[in-house]
Amino acid sequence: MARVLSVGALRAHLLAARLAGPIATSREKSLQRYRLFAARDPRVLLGLEPEGEWDVPELIGLMADRCGVSRDPETVSGQDTIDPERTIQALNAFAVRLRTAAERRSPVLLGTGHPDRLLGFYASLASALSAAGCAVLTPAQGQRVDITTRFGVRSHSLVYVRGVALIHETGAQHTPGAPGVHTHSPLPLRAALSAAVAEGEPLPELVIGDHGWVCGAGQLGIEAIGPADTDDPALFVGQAEGRVAVVVPIDDAVRPTYYSPLTRYVLNRACLSQ
């Protein structure tokens, strides 16, 4: 049986793995994303349609409140910082949502735009929720999804790995074992929901994921939870505006194994440990 992680041990792990505390994400990158979000650039909206104006000073204030980044607008370089206490609080709220879904045996949909880092995290959640009686949905398996990238429109296939949706670029040479490609787009989520409706399948009552999976679901009124880095303000704006239920502030690009203690912690808190 996996060792139960105490709050103190979790905090220590967050800092040691640089999931929180000083993280790899630069202040410059975050500020650039805040400027793009304020300008309503769809690349950083992630499927969200903000109700507020959200200029850069407001975004800095929001991210300081939700993540613990510097509130000083004159701080324009260096590394961002995430307060581990805020991460732990959000993980506790995340666990509550998982437990509620399990108790209700809610249909759930899991998807990621960070399969190289977060696939294992989500797959463990999918397995635990399935064991608790939740239907882990897999609509639009193999469906084509065209996404505009900086290289032009690229065709992708929506696939499910261990119950988690991700995309592969159609026709590309894949490295053996590569889990999929990175994306911020909400289009895979929309394709999955459209296919579920067309095929008469259940719609999810909870979406677990990141990037466009969370923002896209929240925008459509579906309960959505997931992690986000300091350079992805859309999820935190969605939470502030009441359309995203829980956002966990963490660095979303560390080694995949570093997320395993977070998995153990939230499953234990949700009484879903396997």
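At 15% relative accessibility, tryptophan 54 counts as buried, and its place is in the loop between α3 (42-45) and α4 (56-66). That residue is a handy way into this predicted model, since its phi is near 55°, a positive value in a residue other than glycine. From there, this briefing visits a second residue of that kind, then a helix pair, the nonpolar cores, some aromatic rings, a strand residue and the cysteines.

**Backbone angles**

- As background, most residues other than glycine have a negative phi.
- Tryptophan 54 has a phi near 55°, and alanine 140 has a positive phi of about 65° although it is not a glycine.
- Where does alanine 140 lie? Alanine 140 sits in the loop between α6 and β4 (144-149).
- Alanine 140 counts as buried because its relative accessibility is 6%, with the limit for burial set at under 20%.

**Helices α5 and α6**

- Two packed helices are described by the angle between their axes and the distance between the axes.
- For helix α5 (residues 84-104) and helix α6 (residues 115-131), the axes come within 10 Å and cross at roughly 35°.
- Which residues make this contact? On the α5 side they are Phe94, Leu98 and Ala102, and on the α6 side Phe121, Leu125 and Leu129.
- Sorted by class, the contact of α5 with α6 has 6 nonpolar residues, with no polar and no charged ones.

**Nonpolar cores**

- The largest nonpolar core holds 45 residues, and those touching the most other members are Phe94, Leu98, Leu125 and Ile208.
- Several elements give two or more residues to this core: the helices α1 (7-16), α5, α6 and α10 (260-269), together with the strands β3 (108-111), β6 (164-169), β7 (206-209) and β9 (246-249).
- Helix α6 gives the most to this core, with 9 residues.
- Apart from this core lies another, of 43 residues, with Leu31, Leu193, Ala217 and Val237 among them.

**Aromatic rings**

- How many aromatic pairs are there? The count comes to 2 aromatic pairs.
- A pair of aromatic rings is described by the distance of the centres and the angle of the planes.
- Are phenylalanine 94 and phenylalanine 121 buried or exposed? Phenylalanine 94 is buried, with a relative accessible area of 1%, and phenylalanine 121 also counts as buried, at 8% relative accessibility.
- Phenylalanine 121 also pairs with tyrosine 122, this time edge-to-face, at 5.3 Å centre to centre and 65° between the planes.
- Tyrosine 122 is buried, with a relative accessible area of 0%.
- Taken together, Phe94, Phe121 and Tyr122 form one aromatic cluster.

**Alanine 165 in strand β6**

- Alanine 165 is found in strand β6, and is buried with a relative accessible area of 0%.
- Not counting residues up to four places away in sequence, alanine 165 touches Leu110, Gly111, Thr112, Leu158, Val159, Tyr160 and Trp213.
- Alanine 165 and alanine 123 are 42 residues apart along the chain, and their C-alpha atoms are separated by 9.7 Å.

**Cysteines**

- A disulfide is a covalent bond between the sulfur atoms of two cysteines.
- How many disulfides does a search of the whole structure find? The search finds 0 disulfides.
- Cysteine 134 is in no disulfide, and the nearest cysteine sulfur, that of cysteine 271, is 14 Å away.
- Cysteine 134 is buried, with a relative accessible area of 4%.

Methods
Residues are numbered from 1 along each chain as its sequence is written. This is a predicted model: local features need pLDDT of at least 70, side-chain atom pairs count only at pLDDT 80 or more; totals for chains, interfaces and linings use all residues. Side-chain values use heavy atoms; hydrogens and water are left out. A disulfide is a pair of cysteine sulfur atoms within 2.5 Å. Buried means under 20% relative accessible area, exposed over 50%, partly exposed in between (1.4 Å probe, protein chains only). Axes are lines fitted to C-alpha atoms, for helices over the stretch in contact, and angles run from 0 to 180 degrees between N-to-C directions. Helices (H or I, at least four residues) and strands (E, at least two) are DSSP runs, numbered from the N terminus. Contact means heavy atoms within 4.5 Å. Ala, Val, Leu, Ile, Met, Phe, Trp, Tyr, Cys and Pro count as nonpolar, Asp, Glu, Lys and Arg as charged, and the others, Gly among them, as polar. A nonpolar core is a set of buried Ala, Val, Leu, Ile, Met, Phe, Trp, Tyr and Cys residues joined through side-chain atoms within 4.5 Å. Rings of Phe, Tyr and Trp (its six-membered ring) pair if their centres lie within 6.5 Å; planes under 30 degrees apart count as stacked, over 60 as edge-to-face and the rest as tilted.
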